[in-house]
Amino acid sequence: MFPSSSSLGAWSILLCQTLYTDPDSCRGRCEEPYSHEDECHCDADCQSRNSCCWDYLEHCGAGEEAVHRRAEEHFSSSHDAISDEELLHVSEQLYGADHNKAQPNDIAINPQHRAAPDQTGLQKDLSPEPLYAYVNEKLFSKPTYASFIRLLDNYQRATGREEEVTAEELQEQNVFLQEVMKTELMKKLFAFLHKKNRYGSEEEFLQDLKEMWFGLYSRGDGEKDSSGFEHVFSGEIKKGKVSGFHNWIRFYLLEKQGLVNYFSHNFDGPWDAYPDVLGLQFSWDGFYKEVGSAFIGCSPEFEFGIYTLCFIARPGRACHLSLGGHGVSIQTYTWTKSTYGHGKKYIATAYIISP
């Protein structure tokens, strides 16, 4: 017997409401493995440690109401929870599927001065040469690169100034999403999230990507002036400082125009191939970024997919992954002041943590 369309609709709403777990709640997190980095916990031993989230009993207790609530939440069972081990495995799969990444001879970087912890805030240019000595711009003709680059000039970088999204810009968003979804990497990500009951169809996944990344919200004075995509990939200026701006392609293009000045780096990842990771200091048209971080040489779909994975699996918390046998951690935050759909959260930021 199949469920009625009305019951399917109700189930869909419940699933949407619990799609992204909150770091300070047990909603959707029952039986999640203990991690000392979490703000609070929802595992069976959290009461003995006195570290349970405030709503642990409501969602994860033994009472009839809690059991019913877990059934409604659906994927809060141990079967549907995304474990740390699964994150390590799927991130290696995505790393291996990044067929559009730069090859070793496509990019030459010149990191120059490595800043000590007490130097990152000095705002001194300690590296006289540009960061990018060479980039093979034939990379940018690949469909995911080309459609990504067309998005970068769609934003006003100052927070507090409302974004006006044209029909052409909406179409550019659609084209980018369609192109990335053609890649093996994003198909693997969807397959994983589908298996974990986060999405029922690729169309549903695509629509949610558009909302979580491109949906507008206000970082300023009530104006819809920001989105996850703008903040993470294009960058913003807030209170006289660079905010977000974690993308290597954007950095290269602006450095080439003389609008970005590379100062130093405080971290250079262990990889001997791309994607690599760099923690860096720079100014953008006179505005300073004290500690930034970026993947170097990855495809747009890799960065987009990795951040999406972590936003869904570990929103507001460190998300531990494995790339080419090396451990990395991604930090994401949800935008808490507004939502879309049935209580879903927008992406506030996402970035790779550089030590």
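**Reading disulfides and a helix pair**

Biologist: Is the disulfide of Cys 310 and Cys 319 left-handed or right-handed, and what is the torsion about the S-S bond?

Modeller: The torsion about the S-S bond of Cys 310 and Cys 319 is about -70 degrees, so this disulfide is left-handed. The model is predicted, so local features need pLDDT of at least 70 and side-chain atom pairs count only at pLDDT 80 or more, while totals for chains, interfaces and linings use all residues. Residues are numbered from 1 along each chain as its sequence is written, and side-chain values use heavy atoms, with hydrogens and water left out.

Biologist: How many disulfides does the rule give, and how far apart are the sulfur atoms of Cys 310 and Cys 319?

Modeller: A disulfide is a covalent bond between the sulfur atoms of two cysteines. With the rule used here (a pair of cysteine sulfur atoms within 2.5 Å), the count is four, and the sulfur atoms of Cys 310 and Cys 319 are 2.2 Å apart. Cys 310 is buried (under 20% relative accessible area, with a 1.4 Å probe and protein chains only) at 0% relative accessibility, and Cys 319 is likewise buried at 0%.

Biologist: Which parts of the chain does the disulfide of Cys 26 and Cys 42 tie together?

Modeller: Cys 26 is joined to Cys 42 with an S to S distance of 2.2 Å. Both Cys 26 and Cys 42 lie in the loop between α1 (5–17) and α2 (46–49), so the pair ties together parts that are 16 residues apart in sequence; helices here are DSSP runs (H or I, at least four residues), numbered from the N terminus. The torsion of about -100 degrees makes this disulfide left-handed, and Cys 26 is buried at 0%, as is Cys 42 at 3%.

Biologist: What is the handedness of the disulfide between Cys 40 and Cys 53?

Modeller: The sulfur atoms of Cys 40 and Cys 53 are 1.9 Å apart, and the torsion about their S-S bond is about 85 degrees, so the disulfide is right-handed. Cys 40 lies in the loop between α1 and α2, whereas Cys 53 lies in the loop between α2 and α3 (56–60), so parts 13 residues apart in sequence are tied together.

Biologist: At what angle do helix α5 and helix α12 pack?

Modeller: Two packed helices are described by the angle between their axes and the distance between the axes. Helix α5 (residues 84–96) and helix α12 (residues 300–313) pack at about 165 degrees, with axes 10 Å apart, the axes being lines fitted to C-alpha atoms over the stretch in contact and angles running from 0 to 180 degrees between N-to-C directions. The two helices are therefore roughly antiparallel (over 145 degrees). Their contact (heavy atoms within 4.5 Å) is made by Leu 87, Val 90, Ser 91, Leu 94 and Tyr 95 of α5 with Phe 302, Ile 306, Leu 309 and Ala 313 of α12.

Definitions and conventions
Angles under 35 degrees count as roughly parallel, over 145 as roughly antiparallel, 65 to 115 as roughly perpendicular and the rest as oblique. Buried means under 20% relative accessible area, exposed over 50%, partly exposed in between (1.4 Å probe, protein chains only).
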